[in-house]
Amino acid sequence: MRIAIYPGSFDPVTRGHLDIMKRSLNLFDSLIVVVMQNNKKTPMFTAEERVELIKQSVVEAGIPTEHLKVVSNAGLLADFAKENGSSIIVKGLRAISDFESEFQMAAANQKLSPQLDSVFIMTRAKYMYLSSSIVREVSYFGGDISSFVTSVVETAVKEHYRRQHGE
Ligand code: PNS
């Protein structure tokens with residue numbers, strides 16, 4: 001059984017993330033999507049909300065769920081992988097700008113857990129520009145995010161800003 005782990009902030013999950021999940025399921029026997037803490041970022045949604053949005057988005061996107069698990073974890077990725085019997089980390093890679101930090105994280109994870117390997121899946125060209133921060137920014141200024149995210153995420157993001165602007 002090749003269990004792969006797909007970690008990220010997923011704040012919120014985008015169509016680009018969903019595409020990486022779908023393709024990872026073609027490459028590995030099972031996939032654990034894990035919402036982790038990035039201490040460089042202050043999240044818009046709680047970890048529980050992000051897990052729920054991923055679960056609902058996966059269904060909306062028609063991705064098979066038999067071999068897919070979605071959880072959250074507040075610790076180190078290397079420890080999480082070990083606890084879950086996995087030695088494969090999957091990450092999506094967009095432009096050159098992603099490379100440096102991903103390279104650094106992959107090296108740190110391997111230092112912490114030498115059997116751990118990071119596998120990078122090239123983002124499809126149509127999602128090259130897409131990120132959770134673009135989704136948040138476009139929505140903040142009232143733009144249309146329906147091509148970036150599923151409808152459940154679109155509703156949740158709009159609701160978040162509606163409340164914030166209403167306060
Ligand atoms: O989607 P992101 O924000 O680029 O994902 C980064 C994330 C959450 C995967 C990374 O920050 C992470 O693994 N956080 C958990 C703590 C950890 O193990 N850090 C890596 C060792 S440097």
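Leaving aside its neighbours within four places in sequence, which residues is Ser113 in contact with?

Modeller: This is a predicted model, in which local features need pLDDT of at least 70 and side-chain atom pairs count only at pLDDT 80 or more, while totals for chains, interfaces and linings use all residues. Residues are numbered from 1 along each chain as its sequence is written, and side-chain values use heavy atoms, with hydrogens and water left out.

Apart from neighbours within four places in sequence, Ser113 is in contact with Ala78 and Lys82; contact means heavy atoms within 4.5 Å. Ser113 belongs to the loop between helix H4 (96-112) and strand E5 (117-122). Helices (H or I, at least four residues) and strands (E, at least two) are DSSP runs, numbered from the N terminus. With a relative accessible area of 1%, Ser113 is buried. Buried means under 20% relative accessible area, exposed over 50%, and partly exposed in between, with a 1.4 Å probe and protein chains only.

Another loop, between strand E1 (3-8) and helix H1 (15-27), holds Pro12. The peptide bond leading from Asp11 to Pro12 is cis, its omega being near 0 degrees. Phe10 is also found in the loop between E1 and H1. Phe10 is buried, at a relative accessible area of 3%, and its phi is near 45 degrees, a positive value in a residue other than glycine.

A helix pair may be described next. Helix H5 (residues 132-140) packs against helix H6 (residues 151-166) at an angle of about 50 degrees, and their axes are 10 Å apart. Axes are lines fitted to C-alpha atoms, for helices over the stretch in contact, and angles run from 0 to 180 degrees between N-to-C directions. H5 and H6 are therefore oblique to each other; angles under 35 degrees count as roughly parallel, over 145 as roughly antiparallel, 65 to 115 as roughly perpendicular and the rest as oblique. On the H5 side, Arg136, Ser139 and Tyr140 meet Val157, Lys158, Tyr161, Gln164 and His165 of H6.

Tyr140 also takes part in a cluster, in which ring pairs link Tyr140, Phe141 and Tyr161. Rings of Phe, Tyr and Trp (its six-membered ring) pair if their centres lie within 6.5 Å; planes under 30 degrees apart count as stacked, over 60 as edge-to-face and the rest as tilted. Tyr140 is partly exposed, at 37% relative accessibility, whereas Phe141 is exposed, with a relative accessible area of 64%.
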